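I opened this notebook to record what I looked up about helix packing and the nonpolar core. The entries follow the order of my checks.

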Amino acid sequence: GTCGTAAQPVPRQCLRGAMIKRLMQRAGASPAEFGAHSLRIGGATALFKAGASQIDIMTMGRWSSDCYRLYVRACFGHAVEWSRKAGSTSVDDVAEEYKEVDCY
């Protein structure tokens, strides 16, 4: 992909990407870090955070496989909550539970 030439019209995805870059620049963010694909990432992440089912995320993102999981980003709040849980969980002897081996 190119985004159009003098003889070719500008593809819709190029216009969408340029619009997102302008919006992010106006919001004070680095426009180089955003593009049209940011909408898929943001949408999948928001649906996941809201508790949407796998099938709902796949349907809304038009994915026919579970590759939507590549688009879901860790939400800071979830990461903090899991860190809190991990830090306050007592870990006694999990070696027996997992039948730890002596040699790796």
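I note at the outset that the model is predicted.

**Entry 1: faces of α3.** I took helix α3, residues 54-61, and looked up its buried residues, which are Ile-57, Met-58 and Gly-61. Viewed down the axis of α3, these buried residues fall within an arc of 95°, so they line one face of the helix.

**Entry 2: the end of α3.** I looked just after α3 and found that Arg-62 takes a positive phi of about 60°.

**Entry 3: the partner helix.** Which helix do the buried residues of α3 pack against? I found that they pack against α2, residues 37-49. For the contacts, I listed Arg-40, Ala-44, Leu-47 and Phe-48 in α2, which meet Ile-57, Met-60 and Gly-61 in α3.

**Entry 4: geometry of the pair.** I recorded a packing angle of about 155° between α2 and α3, with their axes 10 Å apart. Angles over 145 degrees count as roughly antiparallel, and α2 and α3 are therefore roughly antiparallel to each other. The crossing of α2 past α3 is right-handed.

**Entry 5: the core.** I looked up the largest nonpolar core and found seven residues: Ala-44, Ile-57, Met-58, Trp-63, Tyr-68, Tyr-71 and Val-72. Leaving aside residues up to four places away in sequence, Ala-44 touches Ile-57, Trp-63, Tyr-71 and Val-72.

Conventions:
Residues are numbered from 1 along each chain as its sequence is written. This is a predicted model: local features need pLDDT of at least 70, side-chain atom pairs count only at pLDDT 80 or more; totals for chains, interfaces and linings use all residues. Side-chain values use heavy atoms; hydrogens and water are left out. A nonpolar core is a set of buried Ala, Val, Leu, Ile, Met, Phe, Trp, Tyr and Cys residues joined through side-chain atoms within 4.5 Å. Buried means under 20% relative accessible area, exposed over 50%, partly exposed in between (1.4 Å probe, protein chains only). Contact means heavy atoms within 4.5 Å. Helices (H or I, at least four residues) and strands (E, at least two) are DSSP runs, numbered from the N terminus. The arc is that of the directions from the helix axis to the C-beta atoms. Axes are lines fitted to C-alpha atoms, for helices over the stretch in contact, and angles run from 0 to 180 degrees between N-to-C directions. Angles under 35 degrees count as roughly parallel, over 145 as roughly antiparallel, 65 to 115 as roughly perpendicular and the rest as oblique. A crossing is left-handed if the near helix is turned anticlockwise from the far one by less than a right angle, and right-handed if clockwise.
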